Structure formats: structure tokens, C-alpha cells
Amino acid sequence: MRLDDSGRKDALRLWGVQFEELEYRYSDDDEELGVWNGDAFYGTDELKLRWLGKGEYAIEEQAYETLENQLVLQTPISTFFDAKAGVRFDTPEGPDRTYGVLGITGLAPQWFEVDANLYVSDEGDTSAGLDAEYELLLTNHLILSAALDATVAFSEDEEIGVGKGLVSTETGLRLRYDLIDRAISPYIGVVHERKYGDTADFARAEGGSTEDWFAVIGTRIAF
């Protein structure tokens with residue numbers, strides 16, 4: 001039998017770019033932020049290279065409050081979950097940090113999207129992050145999404161204002177409308193941010209806030 005060397009059975013290579021959040025935020029203390037949370041990938045169903053980036057830009061101060069980029073490899077470990085590993089580069093308010101990343105991402109029971117990660121910094125500090133999101137379809141195009149982002153530190157890194165224990169949470173509700181084959185989805189919403197424990201004490205000492213409410217307007221983009 002002749003060997004099929006035409007490449008028809010090769011794994012299909014895919015790519016994509018999306019911004020889950022591309023938004024303007026206005027706080028109850030009159031703070032204005034530009035916020036983004038983006039993702040790009042290239043590879044096959046068995047192995048993908050992903051860039052993950054997010055940040056907050058203070059419009060009045062014209063300065064980044066947070067800036068984070070990750071470069072990871074991702075592969076399936078079950079029907080609904082992938083494992084990922086790579087590096088993360090942070091530019092917080094203070095010295096830059098580089099982290100090793102190990103995590104899982106996928107669809108949990110009851111249709112919750114989950115992304116859980118363990119981080120080890122170049123200073124030897126360890127932390128973990130959990131992102132969870134649930135989408136409720138009000139109609140085929142009108143969608144209400146609820147999101148939770150929580151960070152826990154297993155050691156203190158005072159130089160970047162991180163205390164041991166529960167560091168911060170961000171919860172949000174966004175109502176979006178899918179347009180143009182679901183590639184562009186404008187939304188409005190509300191976001192609550194809070195710092196805890198020693199992290200909150202570090203913020204107070206620097207004259208920063210420990211709890212904020214934001215009204216948000218933005219769009220989700222995927223292509």
C-alpha cells in the first residue's frame with residue numbers, strides 16, 4: 001500500500017487573537033483607567049503557543065498601574081482542561097518581576113470558565129491566581145457575564161506592595177451584545193476591586209486606595 005505523504009493528515013495549524021476586555025473605567029473616586037485583557041495563539045489542537053497580556057493605564061497620570069505579559073505553551077490533559085507552562089513578565093509599581101508559570105485552564109462543571117495558575121518569581125516568591133467566569137445567555141446575542149479574579153501570595157514581596165495571604169479580588173458584571181458574527185461585542189458593566197491584609201496596609205502607606213467601584217464601557221473583540 002502506498003504511503004500517503006501529501007500532508008492531508010497533518011495536524012491543522014490554527015491562530016487567533018482576542019481581547020476579552022478592552023474598556024474604559026471610571027471609579028467612585030473620579031479615577032479614569034484604560035484596561036485590557038488580551039490573548040493570541042498559534043498551533044494545533046495538541047500544542048499551542050499563547051501570548052496573554054493585561055494591564056491598567058491611569059489616564060490622568062499617564063502611567064501604567066499594572067502591565068503583565070505571559071508566554072506559555074498549552075496542551076490538553078482532559079476533555080475539558082488544558083495544562084500550560086511558561087514565563088510571565090510584570091511591570092508593577094516598583095521593580096520589574098519575572099515569574100515561572102504553571103497552570104490549568106478549561107471548562108468546569110456548570111459551565112464555569114476557569115483559569116488557575118501558580119507563579120514563582122525570580123526573587124523566590126510564590127503566588128497563585130484564579131480567574132473564573134460564567135456567561136448567562138439572555139438571548140442569542142445579549143449575554144450577561146460574571147467574573148472573579150483572585151490572587152493569593154504564599155510569601156511577602158513588599159517592594160511591589162504584595163503581602164502574604166489573600167492579596168486582592170476583582171469582581172465584575174458585564175452586559176454585552178454580540179455583533180458582526182460575534183467578532184465585536186460592545187458592553188457596559190460594573191467592577192469592584194479590593195485589596196486585603198498586608199497588601200492593603202502597603203497601599204494605605206503609599207497613599208493609595210484599598211477598595212474601588214468602577215463603571216465600565218468597552219468591547220470584546222475576536223478574530
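Visitor: Let's start with a pair: are Glu193 and Arg25 buried or exposed?

Guide: Both Glu193 and Arg25 are buried. Buried means under 20% relative accessible area, exposed means over 50%, and partly exposed is in between (1.4 Å probe, protein chains only). Before we go on, this is a predicted model, where local features need pLDDT of at least 70 and side-chain atom pairs count only at pLDDT 80 or more, while totals for chains, interfaces and linings use all residues. Residues are numbered from 1 along each chain as its sequence is written, and side-chain values use heavy atoms, with hydrogens and water left out.

Visitor: What does Glu193 form with Arg25?

Guide: Here's the general idea: side chains of opposite charge can pair when their charged atoms come close. The cut-off for a salt bridge is a side-chain nitrogen of Lys or Arg within 4 Å of a carboxyl oxygen of Asp or Glu. Glu193 and Arg25 form one, with their closest N and O atoms 2.9 Å apart. That pair links distant parts of the chain, as Glu193 is in strand E11 (residues 184-195) and Arg25 in strand E1, 168 residues apart. Strands here are DSSP runs of type E with at least two residues, numbered from the N terminus.

Visitor: How many salt bridges does a search of the whole structure find?

Guide: The count is 18. One of them joins the side chains of Glu20 and Arg220, at 3.2 Å from N to O. Glu20 sits in strand E1 (residues 14-27) and Arg220 in strand E12 (residues 211-222), so this contact ties together parts 200 residues apart in sequence. Glu20 is partly exposed at 24% relative accessibility, whereas Arg220 is buried at 16%.

Visitor: And which residue does Glu23 pair with?

Guide: Arg174, with the closest N and O atoms 3.1 Å apart. Glu23 belongs to strand E1 and Arg174 to strand E10 (residues 165-177), 151 residues apart. Glu23 is buried at 6% relative accessibility, and Arg174 is buried at 7%. Both also belong to a network of salt bridges that links Glu21, Glu23, Arg25, Glu56, Glu170, Arg174 and Glu193.

Visitor: Which residues gather in a patch of negative charge on the surface?

Guide: Patches take residues with over 30% relative accessible area and no salt bridge, and like charges are joined within 9 Å. In this model, Asp28, Asp29, Asp30, Glu60, Glu61 and Glu211 gather in a negative patch on the surface. Take Glu60: its place is the loop between strand E3 (48-58) and strand E4 (63-76), and at 64% relative accessibility Glu60 counts as exposed.

Definitions and conventions. Patches are made of residues with over 30% relative accessible area and no salt bridge: like charges are joined within 9 Å, nonpolar side chains (Val, Leu, Ile, Met, Phe, Trp, Tyr) within 5 Å. Accessible areas come from the Shrake-Rupley method with a 1.4 Å probe; for residues, only the protein chains shown count as cover. Lys and Arg count as positive and Asp and Glu as negative; His and the chain ends are not counted. The place of a charge is taken as NZ of Lys, CZ of Arg, CG of Asp or CD of Glu. Helices (H or I, at least four residues) and strands (E, at least two) are DSSP runs, numbered from the N terminus.
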